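Morning, everyone. Let me put the model up, and then I'll walk through it one piece at a time.

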Amino acid sequence: MATSPNKHTIQRGIQRALLITVIPAIFLTAAGSLWLGTYFIDDAANELRSSVTQIARSRMTERVQKKIAEVRQVATSTVVTTGLLDTNGRDKYLQPYLEERTSASGAAFIIYDYRGRPLLSGDPLSPQPRPNPELTSLETIRFQLDGDGLLIESPVRSAYDNVIIGYLVARSSIEEFLSEAQVLPSRFFDVSANLHIFKKGEVDPAWFIMVETDTEAFAATIEVEANSLWFRENLRYATQIGGGLLVLILSSSILFARSFARNISRPLLQLTSAADLFRRGRIGQLPSSDVEEVNQLARALEMTFLERRTLERKLQQAADYDPLMGIMSRGHFDEQAQHAIAECKGLGGAILLFIDLDQFKQVNDRHGHAAGDEVLKTVATRIRSHLRKTDLVGRRGGDELTILLTRIDIIVALKIAHELLQTIRQSIVIPDIGTVCIGASIGLAQFPEDGSSFDELVAAADQAMYVAKCEGRGRVVCASHRELPNG
Amino acid sequence: MEFSRRQMIGAFGSCAIASPALAATEDAVILIDAEFGQATSTSAQAIELGVRVALGDIARSGILGTTRLTYRKSDNRGVPAIAVDNFIEAARDPKVVAVMGGKFSPVQLEIVPHAHKLGLMLLNPWGSADEITDHGIQPSWTFRVSLKDDDAASAFINESARRRFSNIGVILPNTAWGRSMSAALTRKTAKATVRIVEENWYNLGERSFLQRYTAVVNNGAQAVLFVANEMEGAVLAREIARLAPQLRRPVLCHWGITGGSFTSMAADAIYDLDWSVIQTFSFYKPRTAKAEQLATSAMSLKGAKSISDLDSAVGIAHGHDLAWLTALALKQAGGVERAKIRAEMERLPQFEGAVRVYDPPFTVQRHDALGEHDILFARFVRDKGLVPV
């Protein structure tokens, strides 16, 4: 069947398109969601963490640098240096000096000797042993942030060479430090963490923060904070829900596409079948679809079918019937007559009358072709009105007509032939011309006695009509009997 | 670089190996704990040189019999806390019979209570603060062969009077040394015609003394008594040298500047100034035959060509004499028992040292071997160094 490949082509094409586009899209979407939900979020969290750390470092470095500068100023003061090289009599001048610096900067200063032991006797702060004394080998200013506050430690060097002779630790309250670093969310520092700020470069000192092993809590807290950020959790949910919705939408799209394809292809196949039927002269059932465009196409095709059928009928009509006389043309008559004769075989005889009008040429010559045409129309009308509906009447050409009478006895046929002669002889009134009288000669042949085929039957009837012409016109001559009595 | 405990021990050990006086069979050790590592210091090295000469002589004399007296050294950088730690560490070694300190008075003063607590002698060859020996603790474990601020104050007052300075200004460090000197001057000027018009205190590490000097001068000081070590001394000397002659005042300087490379830091400025330094000893003016022997031996050990190359002469002489006195006490004690040695230090007979003839060196009540009469003033002479006036 011609439509089958088309059917497969459309459906398989759609299916192939789905396979090529939708399924990879599903996989890509799922992979994307997976990536978004896992790696991207983690990357984003890491990036956030990094950003927070950088901001923290930047801001802390800035703030700590300010503090460090204050501490360094104290640490490099000759008072502190002298105190570390003096006896316990230092208390008289060193303690007041540190108290003055404390009131100026807000930080409590503690001096330790070269091994990290508190230097001043009766220190009101009752300082603990110097924090992390194991780090004394580091020639750095150290910065420590813990729950108690901000500790900045600076080495104190000898007045005579570069040797570290002690350490100055400044302890500030954490609140005071945080209030300075207002741009930092306080949660970043609400931890027990140790950070160390090291000096890098002697000529152009740059400070950086190093998170050491004992400061993992700080890093962990940043991580926890980053993890608990609202958008991160919701982003995860959003991607999971979004990914699921996307898969659902794509699945629905596949089903919809398949249904849509069927709604298109099925009516198209039906339309194709209808077109085939129409090509074979029939109009089949046109499809009804949910797709409006298909329905419009079906309706247009139906209108085309109907208009073409009407046109064909008109053309057939024009081809089958003589336009002037309104009776069958020669070809159509021959076709119909042959068909009728075939059907009559064994069911009774068929009689063919071959009629030739007499003196018709004189009418044309005397009154014109319009009058002749009028005569022919009148003759045809009279003949048709005298015959049965099942009888066939055709124009053979010019003023010759043939009539096939089926399932009729020869006697009845002869009687009809004579009645036709009488009908034709009746005068014909032509407007503006007047009355015209015309006659006819009729040859009669009987099937199958006078011819076993239609052509033979026509030839026999023509021969009989010729005999009637020869014998004086206005008469009926039977091919078998040559001549029958008038009336 | 930070001076760590481990490094100190390293210095400790390396010296023991390097010292020719040490042997595997050492019986008694004097630890020299001084400012060896301080960049501009020459005092510690001078003390060590004097001790080396003495120990060599002692060994050759055979007065200790089978007992070998050697020395070790440790570096306290002039930092009291380090010195205390070194002292405590040394006290753990029973072979250490005494610890000889360096030039910084605050360092010695911080050790004093530990010396008495641990029962280990502190030998003081340089520090001048009175309380090193005048601490009132009995029995006393501190012995000094050195200048004492009380005597130094008298000497300064006398020198000022001799040079007809009725008004002097004092610039002194804000340390125990400065406080000791200030107290001594206050005591001495109470009975003297010389008046102190201003005491101006400075902190260690100051980069300029011009403002203090100007303040003192503006208060009518005819001379300036400057209590300082080599760094501060060199700064003031160069600043005064840049002043117009009419603005310059004579400087009577304590001897801390001679414990370091003062002349090289002050450069030629010092030779153009009226700058006198208090001393107790000079190789240019030997008082005893031992002093001449010491000069010869010291130059030999150091590889010096002349006595002008023997920096910090007082350190050499004091160290030498203290080592000898310790050896004598060790001999009298008949063993390395610290308490006995300490007691014998107070019972030593007359002894001719490099600085003077000690008769006796110490008593129960007097742990200062030198006195005001041992003091002299010296000035810096080009190519000679410090020469007695």
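Let's start in chain B, where helix 2 and helix 10 are roughly perpendicular to each other. By that I mean an angle of 65 to 115 degrees; under 35 counts as roughly parallel, over 145 as roughly antiparallel, and the rest as oblique. Helices (H or I, at least four residues) and strands (E, at least two) are DSSP runs, numbered from the N terminus.

Quick housekeeping. This is a predicted model, so to speak of a local feature we need pLDDT of at least 70, and side-chain atom pairs count only at pLDDT 80 or more, while totals for chains, interfaces and linings use all residues; side-chain values use heavy atoms, without hydrogens or water. Residues are numbered from 1 along each chain as its sequence is written, with chains lettered from A and ligands numbered from 1 in the order in which they are written.

Back to that pair. Helix 2 of chain B covers residues 43-61 and helix 10 of chain B covers 289-302; they pack at about 110 degrees, axes 10 Å apart. Axes are lines fitted to C-alpha atoms, for helices over the stretch in contact, and angles run from 0 to 180 degrees between N-to-C directions. Who touches whom? On one side we have L49(B), R52(B) and V53(B) of helix 2, and on the other L294(B), S297(B), A298(B), L301(B) and K302(B) of helix 10, where contact means heavy atoms within 4.5 Å. The residues of that contact split into five nonpolar, one polar and two charged. For the record, Ala, Val, Leu, Ile, Met, Phe, Trp, Tyr, Cys and Pro are nonpolar, Asp, Glu, Lys and Arg charged, and the others, Gly among them, polar.

Now the sheets. Chain B has an open sheet of five strands, order 2-1-3-4-5, with parallel pairing. Strand 2 (69-75) and strand 5 (142-144) of chain B each have a single partner, so one side of each has no neighbour in the sheet. Neighbouring strands here are turned by 25 degrees on average, direction ignored. Two strands pair if DSSP finds at least two bridges between them; strand 4 (121-124) and strand 5 of chain B have three, in the parallel sense. L122(B) sits opposite T142(B) there.

What lies across this sheet? Helix 3 of chain B lies across strands 1, 2, 3 and 4 of chain B, at about 170 degrees to strand 1 (28-34). Helix 4 of chain B lies across strands 4 and 5 of chain B, at about 155 degrees to strand 4.

Those two helices also meet. The axes of helix 3 (80-91) and helix 4 (105-118) of chain B come within 8 Å and cross at roughly 30 degrees, which makes helix 3 of chain B roughly parallel to helix 4 of chain B. The residues in touch include F87(B) and I88(B) from helix 3, and I111(B) and L118(B) from helix 4. The tally for that contact is 11 nonpolar, one polar and one charged.

There's a second open sheet in chain B: seven strands, order 7-6-8-9-10-13-14, with mixed pairing. Its edges are strand 7 (195-202) and strand 14 (385-388), each pairing on one side only. Neighbouring strands are turned by 30 degrees on average, direction ignored. At one end, strand 13 (376-381) and strand 14 of chain B pair antiparallel over four bridges, with A378(B) bridging to P388(B). Helix 8 (230-241) of chain B lies across strands 7, 8, 9 and 10 of chain B, at about 160 degrees to strand 10 (275-279).

Most residues other than glycine have a negative phi, and most peptide bonds are trans. But F447(A) to P448(A) is cis, omega near 0 degrees, and D359(B) to P360(B) is cis too, omega about -15 degrees. P360(B) is in the loop between strand 12 (357-358) and strand 13 of chain B. Q359(A), not a glycine, has a positive phi of about 50 degrees.

Last, confidence: pLDDT is the predictor's own, per residue, from 0 to 100. Chain B averages 91, with 93% of residues scoring at least 70, though residues 1-24 of chain B stay under 50. Chain A has a mean of 73, and 66% of its residues reach 70 or more.
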